[in-house]
Amino acid sequence: MNAKTLTQSFNFQSTTVRPTMQRTLMMSMIALSMGGMSVAAQAQTQQQTEIEQLRQEVQALRGLIEQQKVQNTQTANAIANVQRSSASPSPILKTAKGAEFNLYGNVRLDASYQVEGSSRDLPYNHINAVALEGNNESSDRLRSTLSATRLGLDFKSPVGDQDVNGKIEVDFLGGSNFDNLRIRHAYLNYGNWLIGQTWSNFAIPDYMPETIDALAFVGGAVKRTPQVRHTTKFSPQTNLVVAAEDPKDATISQRLPALTARLNHQFADNLNVSVRAMGHEKRVNSEEEMAWGVGVGAKYEVVPGTTLKADYYHVKGDSSFVSFANKGVAVTALNDKGAITADSRIAAQSEFDSIMVGITQKFTDQIHGTLGYGYMSFDKDPNYIAATSDKTSINKDLWQGWANIFYSPRKPLSFGLEYVYGERTALEAVNGSKTGEDNRINAVAIYNF
């Protein structure tokens, strides 16, 4: 092949190859472009898929949050309903005018085995008048009663923007033989005012160590009086309660109510203190004497489950508030039945100090017990002694100590057992003895409803 032919052949090949290469190159670029577009499309599709998944997850999370809100609301409502039901049971009766009533009470059996002590046929405390040693003592006797069984009614009624609250409670410890129906509490409470009969503002049971005996022990007071009471609240921890009370003192005639005041203060979550005062005019015919008294009580929770209580009184001229005291006034010229006559006058006033202390221990949710001690000491006023015909009825001092245990196997049921020993010392002896003994075992069974 010559040079010309070779040149022509090369040119032909070059001409033939160039279009082919161009086409190949173009096809490659198109393929590359389409591949890039495909990758971009795939990336966009994947991104949209991820966005949609994220949107679904957000929606699911919102659903969970809304569901949790509903559950929290339901739980809060349930808790509130439980708290309301615990604080105030559903009324058993509601009148057309909106008054609500709740019935409560208990069936209570008291029993006492008297080793030595009172000849009185009652299983309750009578320490101030137990028989002196060797003189008509009553030994080895069993007594029982259901007279302390209670029935109560709590009620409230809306009046304006407030409620009128009230209580009516009765038991069967009335009358001289303690076997008649009597009113324990009957009062109305509106705002800061209370009108009716309830615990005395002066002789309150709040600081009295627990006892099985329904009449309490030496140094205690279970006095309920008709009264008008007002409470002034200075702070959540401090309040002042003042009252005009009718102490129903049968030993004198009365023209004015007793005035009482009580200042309560909570020093800490585990310490409460109460300071009290009382003043009352004692009147016999035209003679007048002022009776007065002061008291202080404290309740201290040493540790959870262990509580100390103490109550102290100093009283002159009154026996109507604090239990087991000598008569507040000695009156001369009484008739044969001991009643005041036109010639009667006040000869002297009695004066005494009393104290009661005790510790209560909670052992389990079902078992707790108390150790307690009470003491009363009376002044020996010669005028008072001279004006009293039966000097064996005047006491120089009284004391009692007790120990009890309570067991509540189920919430409505409670059982208690208690041992008490005490003595009284009279100002005058009978057959050479000035001392009377109270030695007994008490038991109680209570069903609350």
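This is a short walk through the structure above, from the whole chain down to single residues. The model is a predicted one, so please keep that in mind as you read.

Let us begin with the overall picture. The chain has 449 residues, and 36% of them count as buried. Its secondary structure consists of 20 strands and 2 helices. Contacts across the sequence tell a further part of the story: if you take those between residues at least 6 apart, 59% join residues that are at least 24 apart.

S18 covers residues 395-407, S19 covers 413-430, and S20 covers 433-448. S18 and S19 run antiparallel and are joined by 12 bridges, with a hairpin of 5 residues leading from S18 to S19. To find this pairing in the viewer, look for Ala403, whose bridge partner in S19 is Tyr419. S19 then pairs with S20, again antiparallel, through 14 bridges. Here Val420 stands opposite Arg440 of S20. The hairpin between S19 and S20 has 2 residues between the strands, and Asn431 in the turn has a positive phi of about 55°.

S18 also takes part in a contact between rings. The whole structure holds 7 aromatic pairs. In one of these, the ring centres of Phe217 and Trp402 are 4.8 Å apart and the planes meet at 45°, so the pair counts as tilted. Phe217 sits in the loop between strand S7 (193-199) and strand S8 (224-235), while Trp402 belongs to S18, so this pair ties together parts that lie 185 residues apart in sequence. Both Phe217 and Trp402 are buried. Elsewhere, Phe202, Tyr313 and Phe321 are linked by ring pairs into a cluster.

A nonpolar surface patch of about 880 Å² is built from Leu103, Val107, Leu109, Leu146, Leu151, Tyr407, Leu413, Phe415, Tyr447 and Phe449. Two elements give two or more residues to this patch: strand S2 (100-116) and strand S19. S2 gives the most, with 3 residues. Tyr407, one of the patch residues, lies in S18.

Charged residues give another view of the structure. Side chains of opposite charge can pair when their charged atoms come close. A search of the whole structure turns up 16 salt bridges. One of them joins the side chains of Arg108 and Asp110, at 2.7 Å from N to O, and both of these residues are buried. Another brings together Glu169 and Arg184, at 2.5 Å from N to O. Glu169 is in strand S5 (residues 162-174) and Arg184 in strand S6 (residues 180-190), so this pair links parts of the chain 15 residues apart. Glu169 and Arg184 are buried as well. They also belong to a network of salt bridges that takes in Asp171 and Arg182.

Lys248 counts as exposed because its relative accessible area is 56%, whereas Asp246 is partly exposed, at 25%.

Val241 counts as buried because its relative accessible area is 3%, below the 20% cut-off. What surrounds Val241, once its neighbours within four places in sequence are left aside? Its contacts are Asn201, Arg229, His230, Thr231, Thr260, Ala261, Arg262 and Asn264. Asn264 is 23 residues away from Val241 in sequence, yet the two C-alpha atoms are 8.1 Å apart in space.

Note on methods: Residues numbered from 1 in each chain as written. Predicted model: local features only at pLDDT ≥ 70, side-chain atom pairs only at ≥ 80, totals over all residues. Heavy atoms only, no water. Patch = residues over 30% accessible without salt bridge, like charges linked within 9 Å, V, L, I, M, F, W, Y side chains within 5 Å. Areas by Shrake-Rupley, 256 points an atom, 1.4 Å probe, with all protein chains shown as cover. Salt bridge = Lys/Arg side-chain N within 4 Å of Asp/Glu carboxyl O. Helix = DSSP H or I, 4+ residues; strand = E, 2+ residues; numbered from the N terminus. Buried < 20%, exposed > 50% of the residue type's maximum accessible area, 1.4 Å probe, protein only. Phe/Tyr/Trp six-rings, centres within 6.5 Å; stacked < 30°, edge-to-face > 60°. Pairing = 2+ DSSP bridges. Contact = heavy atoms within 4.5 Å.
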